[in-house]
Amino acid sequence: MHSSFLQFGHFHIPLYGLCAAVGLMAALTLCQITARLVRLNPATVWDAALVMVIAALLISRALLVIGSWRSFLQSPLLVLALPSLNDTGILLTAIVTLIYLRIKRLPLLGFLDAMAPCFALVWAFLSLGEILAGTRDGMSTQFFLSVRDAVSGKVHPVEFYTLIVGLMLCGVLIRQLPKRAAPGLGCGLGLLLAGTAIFLLDFLRLPSALFVAAILDPVQWLGLTMIVVGLALFIALPAVRLVVPQNEAAEKEVTDAL
């Protein structure tokens, strides 16, 4: 596999980056459909999603430059081409997105429901980028779907598994959006299913070099966190929805009596 889509001297377009860009554009297009399914303004959801993407790009690059200032001065293009989205960047992007949603009075849970299938689609495209770039992170196996790695021999094609899971998850989340009992349950289902997939698929990946002695790999801890948050949404949100109509009915009775 060639890691570059186009190359002119020192300038090259990596296949992974190309797939990530196409995935983002596909997700932005898909959010127009999912916004209608959750009864939100597609244009407003598009703007919020675009703000989130731009914020992620700018914040991640800014953090990268700050953390590698000397290297940036020597080779700015090389530094800016490095993958740089980390926990701090995700947190700051989430804060910027929340502020924008607040300003535009766009409901958070409805927005997350609309974006859940889009996140799954981006996940699938990122996996496709890893496949095209020749990434082989699977454990050694004799499974009939195994792929050959120059170092480890036959390994699990976890990138292919993740691609299939991402596409299936995207389809499932789209189908359930009109059927959700309360805002936020679409996001909850996405977290539950994606977290389970991440946790299980990581057993087929090579362990992280920094956490070999840990009980679980850091990615598996992330998967467990997503599962817990998803379950919490499923437990809490229907109860909240049942309380709201009762309160509204009580207020209406008081108003009519007055």
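Reader: What share of the contacts in the protein with a separation of 6 or more comes from residues 24 or more positions apart?
Author: They account for 65% of those contacts. Keep in mind that this is a predicted model.

Reader: OK. How many helices and strands are there?
Author: The protein has 9 helices and 4 strands.

Reader: In what order do the elements run from the N terminus on?
Author: The order is β-β-α-α-α-α-α-α-β-β-α-α-α.

Reader: And how much of the protein counts as buried?
Author: Of its 258 residues, 36% do.

Reader: Let's go inside. How many residues has the largest nonpolar core?
Author: That core has 30 residues. Those with the most contacts inside it are Cys31, Val45, Ala48, Leu106, Phe111, Met115 and Cys118.

Reader: Which elements give two or more residues to this core?
Author: They are α1 (15–37), α2 (42–67), α5 (87–104), α6, α7 (158–176) and α8 (185–201).

Reader: Which one gives the most?
Author: α6 does, with 8 residues.

Reader: New topic: α1. How far does it reach?
Author: α1 has 23 residues and reaches 33 Å from its first C-alpha to its last. That is close to the 33 Å expected at 1.5 Å a residue.

Reader: Where does α1 bend?
Author: At cysteine 31, by about 25°. Cys31 is also one of the residues with the most contacts inside the largest core.

Reader: Which residues of α1 are buried?
Author: Leu15, Cys19, Ala20, Gly23, Ala27, Leu28, Leu30, Cys31, Thr34 and Ala35.

Reader: What about arginine 39, which follows α1?
Author: The phi of arginine 39 is positive, near 65°.

Reader: Let's move to alanine 197. Where is it found?
Author: In helix α8.

Reader: Buried or exposed?
Author: Alanine 197 is at 12% relative accessibility, so it counts as buried. The cut-off for buried is under 20%.

Reader: What does alanine 197 touch, not counting residues up to four places away?
Author: It touches Trp123 and Val165. The C-alpha atoms of alanine 197 and glycine 166 are separated by 9.2 Å, and these two are 31 residues apart along the chain.

Reader: How many aromatic pairs turn up in the whole structure?
Author: The search finds 1. Phenylalanine 199 and phenylalanine 203 have ring centres 5.3 Å apart and planes at 90°, so the pair is edge-to-face.

Reader: Is each of the two buried or exposed?
Author: Phenylalanine 199 counts as buried, at 17% relative accessibility. Phenylalanine 203 is at 49%, so it counts as partly exposed.

Reader: Last one. Where does serine 146 lie?
Author: In the loop between α6 (108–132) and β3 (147–149). A polar atom of its side chain lies 2.9 Å from the backbone oxygen of phenylalanine 143. Leaving aside neighbours within four places, serine 146 is in contact with Thr141, Lys154, Val155 and Pro157.

Methods: Residues numbered from 1 in each chain as written. Predicted model: local features only at pLDDT ≥ 70, side-chain atom pairs only at ≥ 80, totals over all residues. Heavy atoms only, no water. Polar contact = N/O pair within 3.5 Å; in protein donor to acceptor, adjacent residues only side chain to side chain. Contact = heavy atoms within 4.5 Å. Core = buried A, V, L, I, M, F, W, Y, C linked by side-chain atoms within 4.5 Å. Buried < 20%, exposed > 50% of the residue type's maximum accessible area, 1.4 Å probe, protein only. Expected span 1.5 Å × (residues − 1). Bend = angle between axes of the 7 residues up to and from the residue. Phe/Tyr/Trp six-rings, centres within 6.5 Å; stacked < 30°, edge-to-face > 60°.
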